Amino acid sequence: MVRLILFDIDGTLIHTGGAGVKAFAHAFRTLFDVPEATRDVQFAGRTDTSLARELFTRHQIDPSPRNLGEFFDCYVFWLDHMLSQNRGGIFPGVSEFMDDLCRLEQTPAIGLLTGNIRLGAEIKLRHYDIWEVFQTGAFANDHEDRNELAVIARHRAGKLLRTHLAGEEILVIGDTPHDVRCARAIGARMLAVATGGSTREHLAPHQPDWLVEDLRQISAREVCSTQMNPAAAA
């Protein structure tokens with residue numbers, strides 16, 4: 001049985017109309033007078049901290065703790081603003097999948113495994129009124145490497161549940177190959193959704209346990225109470 005479900009955010013739970021990328025760009029312009037800092041940068045599946053460090057280096061800005069702290073303070077200001085300006089929403093099937101989870105006889109813990117900094121994650125999910133669902137998680141503040149975030153998320157959830165969680169008791173839900181690799185780093189089951197930047201054809205070679213267009217095509221009961229499956233087209 002699955003005892004912990006870890007969700008990615010962007011491209012998996014919600015779409016924000018590019019609010020995060022725009023907020024990054026505005027923060028660089030505001031603080032460092034760097035226009036179009038995010039041009040030609042791939043954000044999907046990355047952590048905010050690794051992206052910020054890469055952009056600091058690219059534009060010859062010292063990635064000191066002070067500069068990074070000021071950058072993220074500015075970023076979350078712009079993120080909140082951009083979310084109110086951009087069209088976005090919760091992906092189809094997400095609310096129903098969450099409701100289905102709560103109807104299970106043994107409801108797993110629900111957490112986040114995300115490349116967002118914690119405050120950025122909270123701002124996004126509060127905007128769409130789903131922040132309170134999540135009991136635990138790991139964020140870009142914790143580590144720049146997504147695979148290490150998986151280890152941290154498992155450890156925190158284990159403390160919450162007062163047990164050691166085996167890999168097969170964890171389900172990761174995400175929309176990129178980075179998420180698949182993240183799940184495999186802790187031996188977890190993986191449900192890939194093609195709602196973000198990666199198509200089913202792009203995700204399939206990475207061999208998630210389940211592969212669907214969106215969460216309308218699969219039930220929480222199916223992934224929480226069955227053995228690992230080969231990637232399936234629902």
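The legends below describe close-up views of a predicted model. Local features need pLDDT of at least 70 and side-chain atom pairs count only at pLDDT 80 or more, whereas totals for chains, interfaces and linings use all residues. Residues are numbered from 1 along each chain as its sequence is written, and side-chain values use heavy atoms, with hydrogens and water left out.

**View 1. The aromatic pair Phe24 and Tyr75.** The whole structure holds 15 aromatic pairs. Rings of Phe, Tyr and Trp (its six-membered ring) pair if their centres lie within 6.5 Å; planes under 30 degrees apart count as stacked, over 60 as edge-to-face and the rest as tilted. Phe24 and Tyr75 form an edge-to-face pair, 5.0 Å centre to centre with 70° between the planes. Phe24 belongs to helix H1 (residues 19-32) and Tyr75 to helix H3 (residues 65-85), so this pair ties together parts that are 51 residues apart in sequence. Helices (H or I, at least four residues) and strands (E, at least two) are DSSP runs, numbered from the N terminus. Phe24 is buried, at a relative accessible area of 0%, and Tyr75 is buried at 1%. Buried means under 20% relative accessible area, exposed over 50%, and partly exposed in between (1.4 Å probe, protein chains only).

**View 2. The aromatic pair Phe56 and Phe71.** The two rings are edge-to-face, with 5.9 Å centre to centre and 85° between the planes. Phe56 lies in helix H2 (residues 48-58) and Phe71 in H3, so the pair ties together parts 15 residues apart in sequence. Both residues, Phe56 and Phe71, are buried. Ring pairs link Phe56 and Phe71 into a cluster with Phe24, Phe28, Phe32, Phe43, Phe72 and Tyr75.

View 3. Two strands pair if DSSP finds at least two bridges between them. Strand E4 (residues 109-113) is joined to E5 by 3 bridges, and Gly111 has Thr136 of E5 as its bridge partner.

**View 4. Two residues with positive phi.** Glu36 is not a glycine, yet has a positive phi of about 50°. Glu36 lies in the loop between H1 and H2 and is partly exposed, at 45% relative accessibility. Gln207, also a residue other than glycine, has a positive phi near 55°. Gln207 is found in the loop between helix H8 (200-203) and E8, and counts as exposed at 60% relative accessibility.
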